[in-house]
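Please examine the sequence and the model displayed below. The briefing that follows is arranged by topic.

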Amino acid sequence: MKLHHVAITIKDLNISIPFYEKFFGFKEKLRFRREDMRGTGVMIQGENVIIELWQFDTLKEGARQELPFTGIRHVAFTHDDPEGLRHIFMEKGIHCGPFKIGASGGQYFFLSDPDGNQIEIYKPAII
């Protein structure tokens with residue numbers, strides 16, 4: 001079994017699609033309307049993952065939960081040089097969290113998309 005896509009609810013497709021295209025190299029592949037859900041979905045394709053972005057006609061904002069609660073916490077992308085990529089993002093005006101080395105030896109940092117969805121840039125430790 002393979003992961004096909006991850007769905008993320010966003011506020012504005014006209015802001016989120018360019019963000020994922022510019023900073024992560026995604027391309028829009030499919031746009032569709034669901035009147036029964038009163039929303040528009042857009043499939044954007046990355047190197048080896050699809051993200052389905054959803055913009056609903058009426059948005060209900062929920063609270064971001066602490067780590068111990070159930071649900072998706074963040075989406076992670078691998079990169080060979082997360083520290084270097086963090087500097088590039090920051091030069092382009094993207095706020096990034098601190099660069100860290102985790103307990104497993106992996107290197108990472110976090111940033112948020114335009115709607116506050118957490119994105120991790122991660123390089124696993126060489127085992």
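## Start of helix H1

A side-chain oxygen of Asp 12 comes to within 2.8 Å of the backbone nitrogen of Asn 14 at the start of H1. The model is a predicted one, in which local features need pLDDT of at least 70 and side-chain atom pairs count only at pLDDT 80 or more, while totals for chains, interfaces and linings use all residues. Residues are numbered from 1 along each chain as its sequence is written, and side-chain values use heavy atoms, with hydrogens and water left out. Helices (H or I, at least four residues) and strands (E, at least two) are DSSP runs, numbered from the N terminus.

**Helix H1 and its two sides**

- Helix H1, residues 13–24, comprises twelve residues. From first C-alpha to last, H1 reaches 16 Å, close to the 16 Å expected at 1.5 Å a residue (the expected span being 1.5 Å times one less than the number of residues).
- The buried residues of H1 are Leu 13, Ser 16, Ile 17, Phe 19, Tyr 20, Phe 23 and Phe 24 (buried means under 20% relative accessible area, exposed over 50% and partly exposed in between, with a 1.4 Å probe and protein chains only).
- These residues lie on the same side of H1 because they cover an arc of only 160° around the axis (the arc is that of the directions from the helix axis to the C-beta atoms).
- Asn 14 and Lys 22 are exposed, on the face of H1 turned away from its buried side.

- Leu 13 lies in helix H1 and counts as buried at 4% relative accessibility.
- Leaving aside residues up to four places away in sequence, Leu 13 touches Arg 31, Thr 40, Val 42, Leu 53 and Gln 55, among others (contact means heavy atoms within 4.5 Å).
- The C-alpha atoms of Leu 13 and His 74 are separated by 19 Å, and the two residues are 61 apart along the chain.
- Ser 16, also found in helix H1, is buried with a relative accessible area of 0%.
- The side chains of Ser 16 and Asp 115 make a polar contact at 3.2 Å (a pair of N or O atoms within 3.5 Å; within protein, one must be able to donate a hydrogen and the other to accept it, and residues adjacent in sequence count only if both atoms are side-chain atoms).
- Beyond residues up to four places away in sequence, Ser 16 touches Ile 10, Leu 53, Pro 114 and Asp 115.

**Aromatic pairs**

- The count of aromatic pairs comes to 13 (rings of Phe, Tyr and Trp, the last by its six-membered ring, pair if their centres lie within 6.5 Å; planes under 30 degrees apart count as stacked, over 60 as edge-to-face and the rest as tilted).
- Phe 19 and Phe 23 form a tilted pair, with 5.4 Å centre to centre and 50° between the planes.
- Phe 19 and Phe 23 are four residues apart in helix H1 and therefore separated by about one helical turn. Phe 19 is buried at a relative accessible area of 8%, and Phe 23 counts as buried at 14%.
- The ring centres of Tyr 20 and Phe 24 are 5.9 Å apart with their planes at 35°, so this pair is tilted.
- Tyr 20 and Phe 24 are likewise four residues apart in H1, which means a separation of about one helical turn. Tyr 20 counts as buried at 1% relative accessibility, and Phe 24 at 18%.
- One aromatic cluster is formed by Phe 19, Tyr 20, Phe 23, Phe 24, Phe 26, Phe 77, Phe 89 and Phe 109.

**Helix H2**

- Within helix H2, residues 82–91, the buried residues are Pro 82, Gly 84, Leu 85, Arg 86 and Phe 89.
- The buried residues of H2 pack against H1, strand S7 (107–112) and S8.
- Gly 93, which follows H2, has a positive phi near 90°.

**Strands and their pairing**

- In a regular strand the side chains alternate between the two faces of the sheet.
- Strand S1, residues 5–10, has Val 6, Ile 8 and Ile 10 on its covered face and His 5, Ala 7 and Thr 9 on its uncovered face.
- S1 pairs with strand S4, residues 50–56, in the parallel sense over six bridges (two strands pair if DSSP finds at least two bridges between them). Ile 50 in S4 stands opposite His 5.
- Strand S5, residues 75–78, has Val 75 and Phe 77 on its covered face, with Ala 76 and Thr 78 on the uncovered one.
- S5 and strand S8, residues 118–123, pair in the parallel sense over four bridges. Ile 119 in S8 is the bridge partner of Val 75.
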